[in-house]
Amino acid sequence: MDLSELERDNTGRCRLSSPVPAVCRKKPCVLGVDEAGRGPVLGPMVYAICYCPLSRLADLEALKVADSKTLSESERDRLFAKMEEDGDFVGWALDVLSPNLISTSMLGRVKYNLNSLSHDTATGLIQYALDQGVKISQVFVDTVGMPETYQERLQLRFPGIKVTVKAKADALYPVVSAASICAKVARDQAVRNWQFVETLQDFDADYGSGYPNDPKTKSWLRKHVEPVFGFPQFVRFSWRTAQAILEKEAEDVTWEDSSAGDQEGTGRITSYFLSEGPRTRPRAPHRYFLERGLEPATTL
């Protein structure tokens, strides 16, 4: 799986896909949707779709695909390679959502929670398959939130397709199992080859499972928190575990209002973003602010 685009820029999102099998443009297809990495405090979340003709579903089942959580990494890699070999009837696509994108979405002025981000990403992938000419007749989705509400939303969005949303769909429907394998293989590779743009002292890649309750993960977070700028972008800084460590380990910041005598121009916060000289040539903001979508304040 070629994740070079993500390795060049892991601050946003990237989409990967297989070629669309010719048969999938001609015969009715079933499509599955699943994700990997929803819960960890480290690394990206990956949403994936997998699809094949209804007439070839038995061939997909014969690969013995299963919920990716029940498989070893080597088994997942082997099954993904097998699906690639069977590219004449199996297709896939995925979206890799960076930790930075997840956190800035959740902490933005207009809140964009993880469920909404998940729903919109899944919807976007289904639409992408349709735009590529895949003849989708059925969709199976592993639920996020209430399955009834999610199914109703997708059914309204895609009225010509039969939609089924269920909990544990990755263990019930082989096409969802196949999607879960695609998602997990992509996330594992992304985590393994993550390109850190930050310079980390005494860096080690032994961060455990990446889940918030893992002592090894918490230890890694405490070790690599920077007292002013916080965590590297590998970390979802909107997670409570990360926020608790920031509050304890990072420096306190006091924001001051403009002084009473300074009624015009910029205030103290703005001066951090802009130069103190002529205001016609502002200083370029630090990459920390650019990557998190933060803009200079001009009024307080």
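Guide: A residue is called buried under 20% relative accessible area, exposed over 50%, and partly exposed in between (1.4 Å probe, protein chains only). Strands are DSSP runs (E, at least two residues), numbered from the N terminus. This is a predicted model, in which local features need pLDDT of at least 70 and side-chain atom pairs count only at pLDDT 80 or more, while totals for chains, interfaces and linings use all residues. Residues are numbered from 1 along each chain as its sequence is written, and side-chain values use heavy atoms, with hydrogens and water left out.

Visitor: How many residues of strand β4 are buried?

Guide: Strand β4 covers residues 91-97, and seven of its seven residues are buried.

Visitor: Which residues lie on each side of β4?

Guide: In a regular strand, side chains alternate between the two faces of the sheet. On one side of β4 are Gly 91, Ala 93, Asp 95 and Leu 97, and on the other are Trp 92, Leu 94 and Val 96; both faces are covered.

Visitor: Which residue stands opposite Leu 94 in strand β1?

Guide: Two strands pair if DSSP finds at least two bridges between them. Strand β1 (residues 13-17) runs antiparallel to β4 and is joined to it by five bridges; Leu 16 stands opposite Leu 94. Strand β3 (residues 45-53) also pairs with β4 in the antiparallel sense, over seven bridges, and there Ala 48 is the bridge partner of Leu 94.

Visitor: How many disulfides does the structure hold?

Guide: A disulfide is a covalent bond between the sulfur atoms of two cysteines. The test applied here is a pair of cysteine sulfur atoms within 2.5 Å, and the structure holds zero disulfides. For Cys 29, the nearest cysteine sulfur is that of Cys 24, 3.9 Å away. Cys 29 counts as buried because its relative accessibility is 0%. For Cys 182, the nearest cysteine sulfur belongs to Cys 50, at 4.9 Å. Cys 182 is likewise buried, because its relative accessibility is 0%.

Visitor: Where does UniProt place the feature "binding site"?

Guide: UniProt positions are given in the numbering used here, feature names are shortened, and annotations may be inferred rather than shown by experiment. The unreviewed UniProt entry places this feature at Asp 34, Glu 35 and Asp 142. These residues are spread over 109 residues of sequence, yet they cluster in space, with a largest C-alpha distance of 8.1 Å. Glu 35 is found in strand β2 (residues 29-36).

How values were computed:
Helices (H or I, at least four residues) and strands (E, at least two) are DSSP runs, numbered from the N terminus.
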